Amino acid sequence: MRRSDIREFVVDALGGVDATVYNGRGPAVAGNKLPFIVVYIRDERVETVTLSGAQQRTAELIVEYIGEGSSDEIEDLVDETAEDIATILTLNPTMGGLVQGTFLTSTELSVLLDGETKSAKHTGMAQLKFNVHYRKDSQ
C-alpha cells in the first residue's frame with residue numbers, strides 16, 4: 001500500500017463533484033479553470049513499528065476545493081461543496097478495504113471578495129483535512 005493509492009482512490013471517489021479533480025498539487029496550479037479540487041498528502045506519522053517491519057501509519061490527507069461565484073452564491077457554494085466532499089469520504093471510511101479508517105479532522109472555508117458589484121465573480125476555497133489510518137507491511 002502506498003500513499004499514491006490513497007490519493008487515487010479519493011480522486012476517483014470525488015469524480016461526481018462538480019469540479020475537476022487533480023491528484024497532487026502540480027496539475028492544478030498550472031492555470032486550470034475553476035472550479036477544481038486538489039488531493040494530496042501533506043504529512044505522515046509512523047505510530048508503531050513492529051519487529052517484523054510492519055508499520056502503523058497516519059497520513060494527513062488534504063482535499064482543497066477552489067471555485068468561483070457571485071457574492072450571493074459563493075458562501076453557499078463553498079460550504080455545500082465541502083459538505084459533499086466530507087460526505088463522500090466518510091461514507092466509505094476504509095476506502096474499499098484499502099485503509100483502516102478515514103476521519104475528518106478539520107474544515108477551513110474562505111472567500112476572497114473581488115470587486116464591488118454583486119455580479120463580480122468571487123473566489124472561494126474549502127480545505128478539508130482527514131487522518132487516514134493504514135498499515136504498511138514490510139517488503
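Predicted model: local features only at pLDDT ≥ 70, side-chain atom pairs only at ≥ 80, totals over all residues.
Figure 1. The side chain of arginine 57 meets that of glutamate 44 in a salt bridge, with 3.0 Å from N to O. This pair links distant parts of the chain: arginine 57 belongs to strand E3 (residues 55-69) and glutamate 44 to strand E2, 13 residues apart. Glutamate 44 has a relative accessibility of 21%, so it counts as partly exposed.

Figure 2. A salt bridge with an N to O distance of 2.7 Å joins the side chains of arginine 3 and glutamate 44. Arginine 3 is part of helix H1 (residues 3-13) and glutamate 44 is part of strand E2, so this contact ties together parts that are 41 residues apart in sequence. Arginine 3 counts as partly exposed because its relative accessibility is 38%.

**Figure 3. The salt bridge between arginine 135 and aspartate 137.** The side chains of these two residues, arginine 135 and aspartate 137, meet at 3.0 Å, N to O. Arginine 135 has a relative accessible area of 42% and is therefore partly exposed. Aspartate 137 is also partly exposed, because its relative accessible area is 49%.

**Figure 4. The aromatic pair of tyrosine 22 and phenylalanine 36.** One aromatic pair is counted in the model. Tyrosine 22 and phenylalanine 36 form this pair in an edge-to-face arrangement, with 6.0 Å centre to centre and 75° between the planes. The angle qualifies as edge-to-face because the limit for that class is over 60 degrees. Tyrosine 22 is in strand E1 (residues 20-23) and phenylalanine 36 is in strand E2 (residues 36-49), so the pair ties together parts that lie 14 residues apart in sequence. Tyrosine 22 and phenylalanine 36 are both buried.

**Figure 5. The cis peptide bond at proline 35.** The bond that leads from leucine 34 to proline 35 is cis, and its omega is near 0°. Proline 35 has its place in the loop between E1 and E2.

**Figure 6. Methionine 95, a residue with positive phi.** Methionine 95 is a residue other than glycine, yet its phi is positive, near 50°. Methionine 95 is placed in the loop between H2 and E4. With a relative accessible area of 3%, methionine 95 is buried.

**Figure 7. A patch of negative charge on the surface.** Seven acidic side chains are labelled in this view: Glu73, Glu75, Asp76, Asp79, Glu80, Glu83 and Asp84 gather in a patch of negative charge on the surface. One of them, glutamate 83, is found in helix H2, which covers residues 74-91.

**Figure 8. Alanine 120 in the loop between E4 and E5.** Alanine 120 sits in the loop that lies between strand E4 (101-112) and strand E5 (122-136). The relative accessibility of alanine 120 is 17%, so this residue counts as buried.

**Figure 9. Tyrosine 134 in strand E5.** Tyrosine 134 is located in strand E5. Tyrosine 134 counts as buried because its relative accessibility is 1%. Between the C-alpha atoms of tyrosine 134 and phenylalanine 103 the separation is 12 Å, and these residues are 31 residues apart along the chain.

**Figure 10. The whole chain, for orientation.** The secondary structure comprises two helices and five strands. In sequence order, the pattern is α-β-β-β-α-β-β. Taken along the principal axes, the C-alpha atoms fill a box of roughly 65 × 25 × 25 Å. The protein has 139 residues, of which 40% count as buried.

Methods. Residues numbered from 1 in each chain as written. Heavy atoms only, no water. Patch = residues over 30% accessible without salt bridge, like charges linked within 9 Å, V, L, I, M, F, W, Y side chains within 5 Å. Areas by Shrake-Rupley, 256 points an atom, 1.4 Å probe, with all protein chains shown as cover. Salt bridge = Lys/Arg side-chain N within 4 Å of Asp/Glu carboxyl O. Lys, Arg positive; Asp, Glu negative; His and termini not counted. Charge placed at Lys NZ, Arg CZ, Asp CG, Glu CD. Helix = DSSP H or I, 4+ residues; strand = E, 2+ residues; numbered from the N terminus. Phe/Tyr/Trp six-rings, centres within 6.5 Å; stacked < 30°, edge-to-face > 60°. Buried < 20%, exposed > 50% of the residue type's maximum accessible area, 1.4 Å probe, protein only.
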